[in-house]
Amino acid sequence: MPRIDIPIKRLFQRRPADWARYVQPGCREEWVRPYKTEYTPKKESRLDNVLEIDDPSGPYLLHFEPMGYRDEVLPARMLRYRSDIWEAMLAGGRGTPSIRQVVMFFYKEDDNGLHRLSDRWDTGGLEYSYTVIRVWEERRQKVITAKLVGLYPLLPLMKGEDAKESPGQALKKCIDAVQEIEDESLRQDLLAAMAILAGGKYPPDLVLSMIRREMVMESPIFQEWVREERAEAEARGKVEAKQDAICKYLRRRFGDASAGLQQKVREMTSLEVLDDVMEELFAANTLEEARAIIRDGIERFVQ
């Protein structure tokens, strides 16, 4: 699956009202503004995905959580985000306003199906849930008709009007919708984000043949995504090299009896932990000592 956090975050920042209007059709663009706070939660929270909606019938907050990976503890994390938002509001003397939370899934395999928490005790209880949007169940035409251009990169992941359309036909319709936008900078950003997202559903060769590199080269979204991908590839290379070095040492030092430990080493992807394990292994005199060192390393990695 492609990394979608960069394109989605940039689209949200550039066209926040489009996202608000998608989940709240009656919302007007002039009501929408990014939520800003200097408060820092004790644990990392995506308070940059929060909008303030100045609805004349009553203001509220809109919290988006785009999901490009599977998270088995998502409901608990969303409840913590809600708590963090209220904590920030209380710290600023603004009380506990209404919050609508929306989780948006882009690919079926990322949705674990668990989106509700409940608890009961003698004096009360807890019922917690949030709005879930599964992009593949949404209608493409709804976004185009409403001209929610900030969501145009999601069009290839949505349902078309023709259930029999080929991947090429679907992509062409989506690209054509973007090409109608006059703002060249916005058009390039939308096409760049569309290419990244479509890569998680359609054959990469097809996507690259229809959204060519020269069409998105000047897009800040594309440039940032490429930098991030290169940095991650470099980091993965360093981790794999360190894993290889440790496994080679174990094989030479303890032979085939270390095969299980070598497999455990592959489970550790923290370069810092691997460096520590490597250094400690040089002092190991027995296979049991090596096993204890690697076990401790795994425990540090999962913390």
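Biologist: Let's start with one residue. Where does K147 lie?
Modeller: K147 lies in the loop between helix 4 and helix 5. Keep in mind that this is a predicted model.

Biologist: Is K147 buried or exposed?
Modeller: Read the relative accessible area against the cut-off: exposed means over 50%. K147 has 58%, so this residue is exposed.

Biologist: What stands out in the backbone of K147?
Modeller: Look at phi. K147 is not a glycine, yet its phi is positive, about 55°.

Biologist: Which loop holds E165?
Modeller: E165 is also in the loop between helix 4 and helix 5.

Biologist: Does E165 count as buried or exposed?
Modeller: Buried means under 20% relative accessible area. E165 has 14%, so E165 counts as buried.

Biologist: What does the side chain of E165 make a polar contact with?
Modeller: To read such a contact, look for a pair of N or O atoms within 3.5 Å. Here the partner is the side chain of K173, at 3.2 Å.

Biologist: Which residues gather in the patch of positive charge on the surface?
Modeller: K108, R139, K159 and K201 form that patch. Among them, K159 sits in the loop between helix 4, residues 140–145, and helix 5, residues 167–179.

Biologist: How is the accessibility of K159 classed?
Modeller: Partly exposed is the class between the buried and exposed cut-offs. K159 has a relative accessible area of 38%, so K159 is partly exposed.

Biologist: Which strand holds Y128?
Modeller: Y128 belongs to strand 6, residues 124–129. Y128 has 5% relative accessibility, so Y128 counts as buried.

Biologist: Zoom out. How many helices and strands does the chain have?
Modeller: The chain comes to 12 helices and 7 strands.

Biologist: What does the C-alpha trace span along its principal axes?
Modeller: The spans are about 70 × 60 × 35 Å.

Biologist: And what percentage of the chain's residues count as buried?
Modeller: The chain has 303 residues, and 44% of them count as buried.

Notes: Residues numbered from 1 in each chain as written. Predicted model: local features only at pLDDT ≥ 70, side-chain atom pairs only at ≥ 80, totals over all residues. Heavy atoms only, no water. Patch = residues over 30% accessible without salt bridge, like charges linked within 9 Å, V, L, I, M, F, W, Y side chains within 5 Å. Areas by Shrake-Rupley, 256 points an atom, 1.4 Å probe, with all protein chains shown as cover. Salt bridge = Lys/Arg side-chain N within 4 Å of Asp/Glu carboxyl O. Lys, Arg positive; Asp, Glu negative; His and termini not counted. Charge placed at Lys NZ, Arg CZ, Asp CG, Glu CD. Helix = DSSP H or I, 4+ residues; strand = E, 2+ residues; numbered from the N terminus. Buried < 20%, exposed > 50% of the residue type's maximum accessible area, 1.4 Å probe, protein only. Polar contact = N/O pair within 3.5 Å; in protein donor to acceptor, adjacent residues only side chain to side chain.
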